[in-house]
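Hello,

Here is the structure I promised to pass on to you. My notes follow below it, and I would be glad if you read them with the model open.

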Amino acid sequence: MKFIKKITFIIIFLSLNFNAFGAVSGFVDSKQVTQRRPMGVAFNPSGTKMFVVGTVENKIFEFDLTTGFDLSTATKNSNLCDFSSQATDVVDIDFNSDGTKLFLADQDQGGNDETIEEFDLSTAYDVSSCTHVKEHFAGDYVELVGIEFNSNGTKLFIYNTSGTNSIKQYSLNSPYNLSNPTLQKQSTGTSNKTFQTIESQPTGFAFSSDGSKMFITGKNKDKVQEFNLSTPFDLSSVSKTGAYDISDEIDIVGGISFSNDGLKMFVVDSKNNDDNKDVNEYNLTCGFGVKECIDPTANKDDVASAESQSEAAKKLIQHTTYPVLNRMEWLRRNSGRINLTNQNIKFQFNNEILNSLTEELIPLYFSNNNSSDLNQNSSWSFWSEGTISIGKIGDTSNSSSKDINTSAITFGADKRSEDNIMRGIALRFGSDDVDVGDLGSSLDMSSFSLTFYESKPKGGERFTDHLLGLSFINSDLLNNSGSTSTDGERYGEQLYGSLSLRDTFSKNKFNFTPKIKINYGITHFGEYTETGAAGLNLKFEDQYIGNFTSSIGASLDNTYELKVGSLIPYFDFEYYADMSPSSQQKFSYESDGSAYTFRNINNATHNIIGGIGFDLISKNGLTLMTKYTRDQAKDNKNDNFVIALDYKNSQKSFYAMSLQDSFAKLSHNKELDSFKINIDSHYELFKNNPDYELKIMISNIK
């Protein structure tokens with residue numbers, strides 16, 4: 001008896017574990033349609049319209065749904081498209097992305113006109129406005145099953161049951177343009193992918209919105225067969241995951257369709273009688289999970305999105321420390337000059353906490369008025385630097401490519417102490433835009449960084465440069481699969497530091513400076529949950545990302561005295577090794593809690609950095625520093641552009657920069673004879689469509 005109990009327990013345990021992977025929660029409803037022997041079904045993106053075609057009546061019937069993708073709310077409207085003069089045995093229907101084109105797969109059993117018929121719709125998703133455009137693939141196929149496009153319409157898939165019972169894949173010159181398709185070879189060297197042994201009488205097929213899954217229906221097995229695609233919308237590598245039996249609800253299985261979020265599945269019953277002309281509705285517990293939920297760790301865009309967050313966090317440390325290090329190197333190149341600032345900068349914050357903090361940290365004047373009364377004899381020096389960075393990381397076998405654009409502005413102030421130590425503070429406002437893959441996924445990251453730094457002499461021309469800082473991060477994330485998308489907002493904090501040792505060897509005005517540097521830091525990203533597609537929304541847990549890089553390099557510079565001032569060209573070379581520990585990101589589907597983990601995010605890399613630039617210190621008060629840097633690794637590159645501009649005129653002409661939360665204000669005041677000229681400019685730093693204002697005031701001096 002104990003043995004029987006154990007066997008029973010094992011059987012139950014295995015059954016529970018097997019069913020745990022099944023994501024179909026069950027049959028919901030069916031809708032009888034007026035088509036005799038319906039075969040194909042399609043929806044508009046919101047699911048408020050349903051379209052049905054069949055092999056008997058040569059019309060497209062349209063239904064209105066008061067609740068999207070809910071067949072219990074469907075009612076037939078008067079719209080229809082009569083295609084009797086173009087096709088006779090239609091088995092499938094598909095639309096382009098905006099609903100202004102539709103395509104019909106005409107099987108034409110017993111005839112010789114197996115075609116794909118193209119129609120224009122003057123009103124999107126209104127089949128009564130259909131106009132025939134052209135027929136394609138005339139006579140190329142004997143018995144069509146269906147047609148499908150990828151999410152952006154650049155690939156076409158045609159299922160043909162004649163001969164090898166296979167799916168052919170074409171690339172299109174432009175989206176949904178079938179004029180000159182190119183047949184794609186599979187990994188086996190053939191131009192088709194056969195599924196004869198899986199379903200000998202297929203009646204329909206469909207893809208998930210992200211192309212990572214494919215589904216085939218057929219009247220031989222009466223099942224929905226599910227497949228995984230290792231590369232989205234690429235049949236070169238397909239593996240079957242399982243099948244879901246629908247024989248209890250359907251007599252003759254027809255075509256298949258899904259809601260955009262994959263939580264609803266619709267299968268046509270194509271039996272030709274009055275009682276069974278239905279479209280059946282099924283609920284799924286996770287998006288497109290007929291047998292298994294989509295595995296995001298196998299999706300190259302999802303992997304790239306997770307990587308981009310980690311990479312952006314590590315790049316933020318690099319981009320935040322560079323302006324400060326540039327400043328300290330500029331001070332070394334210009335150490336013999338008395339005036340190390342050529343601008344007046346004033347910092348203002350509406351936030352009282354920031355005001356209180358910064359009043360204790362730097363002896364600058366804080367106010368909410370327009371006063372520009374700064375101590376002209378102060379020993380504090382002020383500087384600013386703007387940065388634009390453009391980079392690209394190529395795709396890999398696991399991850400999509402990433403295009404990276406960074407822009408930032410840094411404001412700083414420093415002071416030389418009696419022991420010849422230069423100490424300072426810098427504020428940086430930065431924005432990183434990362435485009436992931438080809439479907440529109442992206443990361444938009446805004447950051448505010450506060451850095452404390454010091455440059456300490458160690459005798460002669462040897463210095464140690466050390467900095468510590470804190471960043472606050474706000475990220476907007478978009479995960480787009482083409483036909484559906486999810487988005488989320490994530491906050492984070494970052495602690496970072498850098499320690500470098502440099503020694504300068506000089507001959508006349510030529511300087512050679514070897515240097516060693518270590519960057520370190522840790523970033524925390526908070527948990528967040530995506531919104532936008534209930535069945536595909538993911539919930540991400542907290543993530544910690546460590547950063548540790550070491551580098552060795554050198555710089556060369558020379559000084560040339562010109563009539564207008566001094567010109568100092570320089571060249572930097574640096575090799576650095578990223579020895580940061582790999583991080584991981586745990587997450588799960590919000591709908592059913594299925595858990596996954598992105599592991600080994602960002603392995604160690606080796607980079608070579610080369611930079612070239614010059615300082616121009618003119619006699620009329622203009623100081624210009626520019627620099628171009630190329631950061632090159634095996635699979636990625638980053639181009640960095642830096643420009644810093646200072647100008648000092650007379651005591652009757654001055655500039656002032658004020659910061660109020662995310663707003664920047666630049667003022668220029670000048671006295672000319674008996675007139676006072678004031679120019680104010682306002683700009684919002686982190687808004688997608690920023691507000692900009694320019695004011696000019698001219699007044700008499702009393």
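Phenylalanine 227 has a relative accessibility of 2%, so it counts as buried (buried means under 20% relative accessible area, exposed over 50% and partly exposed in between, with a 1.4 Å probe and protein chains only). Phenylalanine 195, at 3%, counts as buried too.

Before the rest, a word on the basis. This is a predicted model, in which local features need pLDDT of at least 70 and side-chain atom pairs count only at pLDDT 80 or more, while totals for chains, interfaces and linings use all residues. Residues are numbered from 1 along each chain as its sequence is written, and side-chain values use heavy atoms, with hydrogens and water left out.

Back to the rings. Phe, Tyr and Trp rings (the six-membered one for Trp) pair if their centres lie within 6.5 Å; planes under 30 degrees apart are stacked, over 60 edge-to-face and the rest tilted. By this rule there are 26 aromatic pairs. In one of them, phenylalanine 149 and tyrosine 176 have ring centres 4.9 Å apart and planes at 55°, so this pair is tilted. Phenylalanine 149 sits in strand 10 (residues 144-149) and tyrosine 176 in the loop between strand 12 (166-171) and strand 13 (182-183), 27 residues apart. Both residues are buried.

For phenylalanine 195 and phenylalanine 227, the ring centres are 5.3 Å apart and the planes stand at 65°, so the pair is edge-to-face. Phenylalanine 195 is in the loop between strand 14 (192-194) and strand 15 (202-207), and phenylalanine 227 is in strand 17 (residues 223-229), so the pair ties together parts 32 residues apart in sequence. Both belong to one aromatic cluster, together with Phe157, Tyr159, Phe205, Phe207 and Phe233.

As for the whole protein, it has three helices and 44 strands (DSSP runs numbered from the N terminus: H or I of at least four residues for helices, E of at least two for strands). Of its 702 residues, 52% are buried.

Further along, strand 26 (residues 441-457) and strand 27 (residues 462-480) pair in the antiparallel sense over 16 bridges; strands pair if DSSP finds at least two bridges between them. Methionine 445 has serine 475 in strand 27 as its bridge partner. The two strands form a hairpin with four residues between them, and glycine 459 in the turn has a positive phi of about 100°. Strand 27 also pairs with strand 28 (residues 485-503), antiparallel over 19 bridges, where phenylalanine 463 stands opposite arginine 502 in strand 28.

Best wishes
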